[in-house]
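Please take a moment with the model below. We will walk through it one part at a time.

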Protein chains: 2
Amino acid sequence: MAGASKKVNAVIGQSGGPTVVINQSLVGVVYGLKKMKNIGQILGARNGVRGIVNENFVDLTRLSKTTLERLAVTPSSALLSSRDKPDEAYCHKILAAFEKHDVRYFFYIGGNDSSDTCRIVNDLAKQAGYDLTSFHVPKTIDNDLMENDHTPGFPSAARYVACAFIGDNLDNAALPGVKINVVMGRHAGFLTAASVLARQHQGDGPHLIYVPEQHFDVDRFIADVDRVYKEQGRCLIAVSEGIHDKEGTPIATKLAQGSAEKDSHGNVQLSGTGALGDFLADEIKRRLSIKRVRADTFGYIQRSYPGSQSPVDQAEARKAAHTAVQYAAKGIKEGSIAIKRKSNKPYKASFELIPLTAVAAKTRILPSDFMVGDNDISDKFKTYLLPLVGKLPIVERL
Amino acid sequence: MAGASKKVNAVIGQSGGPTVVINQSLVGVVYGLKKMKNIGQILGARNGVRGIVNENFVDLTRLSKTTLERLAVTPSSALLSSRDKPDEAYCHKILAAFEKHDVRYFFYIGGNDSSDTCRIVNDLAKQAGYDLTSFHVPKTIDNDLMENDHTPGFPSAARYVACAFIGDNLDNAALPGVKINVVMGRHAGFLTAASVLARQHQGDGPHLIYVPEQHFDVDRFIADVDRVYKEQGRCLIAVSEGIHDKEGTPIATKLAQGSAEKDSHGNVQLSGTGALGDFLADEIKRRLSIKRVRADTFGYIQRSYPGSQSPVDQAEARKAAHTAVQYAAKGIKEGSIAIKRKSNKPYKASFELIPLTAVAAKTRILPSDFMVGDNDISDKFKTYLLPLVGKLPIVERL
């Protein structure tokens, strides 16, 4: 058993889709653990839970402040990632590795699938009577964790999407036509909704925004585009990769005609293909007499583009992780950290302990007051998002 | 006729694909003209030559320094753009509009198609005995203007591509698989080649780089991917949108099956579709037993993403434009400005007067010593590009 007099070890893992601030959380955990007198080794598990099972650890105990600060601003998961969903046999191997390396603290940085992994490992440790402190540290560009005002990773990805739309709106104004941009987001439209920040002056796009919280109907979409194009002479559109018909079938899955790849959490591949954007562009070309129709799919760059992180996001990703360690140091045995907004002007947040079960395998979606009809986003969402993304680039017009 | 004692007017236009520094050039021309005592009005033509014909001008004469400096950092063409290729009748209308508004100076900011437009207008003015000073100011992310070491717009787009690959290389390392990124570039592979800057440590991608200067063979491509994936357990690939078979037919055009859209310069649409990336990904999935295969197409964001311009590019875009005005002020009647590199360490460039015919409708491609075989880029190209893109984001590894 871990006692105050005996040193024990800690494991940190990163899991799921990387973000540009997930290493801030890694560094936040490391700084926190360095302050705990009963911690011997701080071990990083390479490739999430898989690194635990394979005992593939990197020793983080003696990393210098310089290295840690450089690591913190490096995009993607420095410990590499995993989409493994451990079953009971897998979890037994994790516990065996923990026992072998005298690991009594486990911090897992990830989204809702990863928090569920953390919960499963924690439950089995309890059943086995193995003394383990397990914390989930929130991370996801999807912003879809329950209990959280927003999640580390989202503000920076939202900033990328907003900036991309700011630039593309001006590009589309210069050479008018219909332009579709497909944004990440399987079930939650937060990231697609972030495109609304590009709308700063009369006539600015995106003129239409489609999120997975609403049913997507191709006929209605074509009618929307027709109307906007006739009014504005151009049309800039934001579309979530996860848009689906009224039966709930994603449009992207229908295009993949059954050949779609699934990950271990049962998710069908939506990203890394331009098929959805191309399908919508082709429909517009076919049904409306508009010559210039283009589609871009933002893809993985929106979660990995370096050098334009949101400063709020960087600070919060670190703080959320650090808070988890502080609770662990106080003897709290398990939980997740949720970001709560205390005030909007000036922006202030607190970091609160919540049960693992409150976030594990659950999905938060856009609240209805963040949406307007089935093709737009409200000013309330803008007010919500603006304090998170940092100062946006200057735009001047003639 | 324009005399030293009488004030005349000047027109500035922006043409072709926008860049994130094309407004630096606009501002450079305006500052230059403000210093010329014989200039009355400085007119911006909206939508390039079309704005001249339609007499759709915006008066830039009295813009404040604050507005001009804000404009300079705004991406895309503030005067909007055009892909019109004027024929003789169109040119007569341009001259008629110039005469009506007493325009004796014409500055056209654009690429090789736009420099050809500038040349055509200039030739017709000479034939008609209309006293006109015509300057082309270089701009293109493609970096494909003859006589130029590089072109304004390219360093910033190259910076975007390098940064995107830096992030995506780390993302692909965290969740391994095959990842294809399609980069803009019809005939010239400079922008795709810029991805090589992401290769900083052993094992970094891009592992394969395909440019339009080489014939693209799908069988050879599959063999390359197979080899890299077996060696590295992953494979990050950069592909130009303009890659073509040994007959010179772009792969993207073959996929479009004759339905491809053409612009007024006869160029087939390559951008704004994910078809090429998806085709290559599907071929890999079909022919190799690799599960995780993804394709992203960088699209229009690479020429419009705000807030991460190259400082060298910003300064040079302005300087090239300013130099054109200085030559015009000295009484030189026509020309284009070329950037020549004077030294690499420290980086130093000069801005030289060249004839319009030296750039008009001509295309520069990657020199052979910038390529290695048919799937890689040389260190010589890295040395060439590095001084242009500014400081790259920090990357730390464990």
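A salt bridge is a side-chain nitrogen of Lys or Arg within 4 Å of a carboxyl oxygen of Asp or Glu. Keep that in mind for the boundary between the chains. Note too that this model is predicted.

How many salt bridges are counted between chain A and chain B? The count is four. One contact to look at joins B:Asp171 and A:Arg303. Their side chains meet in a salt bridge, with 2.7 Å from N to O.

Now take in the whole interface. On chain A, 68 residues are in contact with chain B, and 68 residues of chain B are in contact with chain A. The size of an interface is often given as the accessible area lost when the parts come together. Here the two chains bury about 5200 Å² between them. Carbon and sulfur atoms carry 56% of that area. Which residues of chain A lose the most area to chain B? They are A:Tyr305, A:Glu396 and A:Leu398. Together they give 15% of what that side buries.

Find the open sheet of seven strands. From one strand to the next, the twist averages 25°.

Strand S2 (residues 39-45) of chain B and S3(B) run antiparallel, and three bridges join them. Within S3(B), B:Val58 is the bridge partner of B:Gly44.

The axes of H1(B) and helix H12 (residues 311-329) of chain B come within 7 Å. They cross at roughly 35°, and the crossing is right-handed. Residues of H1(B) that take part include B:Val27, B:Tyr31 and B:Leu33.

Chain B holds another open sheet, made of four strands. The order is S7-S8-S6-S9, and the pairing is parallel. Why do its edge strands have a side without a neighbour in the sheet? Strand S7 (208-210) and strand S9 (293-297) each have a single partner strand, so one side of each is left without a neighbour. Neighbouring strands here are turned by 15° against each other on average, direction ignored.

Three bridges join S7(B) to strand S8 (residues 235-240) of chain B, and the two run parallel. In this part, B:Tyr210 stands opposite B:Val239 in S8(B). H10(B) packs on the sheet and touches S6, S8 and S9. Its direction makes about 155° with that of S6(B). Helix H6 (residues 154-174) of chain B lies across strand S6 (178-183) and S8, running at about 155° to S8(B).

One helix pair remains. The axes of helix H8 (residues 218-232) and helix H10 (residues 275-287) of chain B come within 11 Å and cross at roughly 65°. This crossing is right-handed. Among the residues that meet are B:Phe221 and B:Ile222 in H8(B), and B:Phe279 and B:Leu280 in H10(B). The contact residues divide into seven nonpolar, no polar and three charged.

Technical notes: Residues are numbered from 1 along each chain as its sequence is written. Chains are lettered from A and ligands numbered from 1 in the order in which they are written. This is a predicted model: local features need pLDDT of at least 70, side-chain atom pairs count only at pLDDT 80 or more; totals for chains, interfaces and linings use all residues. Side-chain values use heavy atoms; hydrogens and water are left out. Two strands pair if DSSP finds at least two bridges between them. Axes are lines fitted to C-alpha atoms, for helices over the stretch in contact, and angles run from 0 to 180 degrees between N-to-C directions. A crossing is left-handed if the near helix is turned anticlockwise from the far one by less than a right angle, and right-handed if clockwise. Contact means heavy atoms within 4.5 Å. Buried area is the accessible area (1.4 Å probe) that two parts lose on being put together, summed over both. Ala, Val, Leu, Ile, Met, Phe, Trp, Tyr, Cys and Pro count as nonpolar, Asp, Glu, Lys and Arg as charged, and the others, Gly among them, as polar.
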